[in-house]
Amino acid sequence: QRVVRALSEAKVDLNPHQLEAGVFAIDSLPRGGCMLADEVGLGKTIEAGMVLSQLVSEGKSRILVLAPATLRAQWQQELKDKFDLESAVVDGRTVRATGNCFDQSVPIVIASHPFAANRSELLAQITWDLVVIDEAHRLRNAHKPGNKTGKALKAGLRNAPKLLLTATPLQNDLSELFG
């Protein structure tokens, strides 16, 4: 019932597994979030969009989407077209000389992993309602000393609930999944 309001205006034909995954993700947020690890093309972006739409419908306005730089515009377009959600892409061209570039007037901010990692102190200044990390496998082994991007994001987003998206199969090694 919780997602009915969010989906009433959505322009998507949901498959049952997408609805189930979206509801699972929403229910996981009070416990810190979850990972959605579907195969390529099964709708992880739709599932995440459902979660974002629900949170925005509940008045949440501090949502961060981290994606590879090549996918930022696609995320913005899909959120607008399918869920009528406004978002802002922040990157080197949009950074203001003063202030926090992640503090935007729209509820959803989209940035690349490295851009956000290089500004982890700014990330930490905002109390995020949710952080979606697309292609989360790129941050695998964030606990190891050599993963500077993962360590910086972990520091900047320490207390934020996270929704991790990946289509890359993990080897079901507990340390790899934890990392």
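## Order of elements

From the N terminus on, the chain runs α-α-β-α-β-α-β-β-α-α-β-α-β-α. That order comprises 8 helices and 6 strands. The model is predicted.

## Burial, surface and contacts

The protein chain has 179 residues, of which 47% count as buried. Its accessible surface is about 9,400 Å², and carbon and sulfur atoms account for 51% of that area.

Among contacts between residues at least 6 apart in sequence, 71% join residues at least 24 apart.

## Helix H3

Helix H3 covers residues 44-57.

H3 is largely enclosed by the rest of the structure, because 11 of its 14 residues are buried. Just after H3, Gly 59 takes a positive phi of about 90 degrees.

## The aromatic pair

The structure holds 1 aromatic pair. Phe 102 and Phe 115 form it in an edge-to-face arrangement, with 5.9 Å centre to centre and 65 degrees between the planes. The angle counts as edge-to-face because it is over 60 degrees.

The two partners are 13 residues apart and link distant parts of the chain. Phe 102 lies in the loop between strand S3 (87-89) and strand S4 (108-112), whereas Phe 115 belongs to helix H5 (residues 113-117). Phe 102 counts as buried because its relative accessibility is 0%. Phe 115, at 9% relative accessibility, also counts as buried, the cut-off being under 20%.

## Surroundings of Phe 115

Two further residues are placed around this ring. The charged end of Arg 119 sits over the ring of Phe 115, 3.7 Å from its centre. Asp 91 touches Phe 115 and also Arg 72, not counting residues up to four places away in sequence.

Asp 91 lies in the loop between S3 and S4, the loop that also holds Phe 102. With a relative accessible area of 6%, Asp 91 is buried. The side chains of Asp 91 and Arg 93 are joined by a polar contact of 3.0 Å.

How values were computed. Residues numbered from 1 in each chain as written. Predicted model: local features only at pLDDT ≥ 70, side-chain atom pairs only at ≥ 80, totals over all residues. Heavy atoms only, no water. Phe/Tyr/Trp six-rings, centres within 6.5 Å; stacked < 30°, edge-to-face > 60°. Helix = DSSP H or I, 4+ residues; strand = E, 2+ residues; numbered from the N terminus. Buried < 20%, exposed > 50% of the residue type's maximum accessible area, 1.4 Å probe, protein only. Lys NZ or Arg CZ within 6 Å of the ring centre and 35° of its normal. Polar contact = N/O pair within 3.5 Å; in protein donor to acceptor, adjacent residues only side chain to side chain. Contact = heavy atoms within 4.5 Å. Areas by Shrake-Rupley, 256 points an atom, 1.4 Å probe, with all protein chains shown as cover. Expected span 1.5 Å × (residues − 1).
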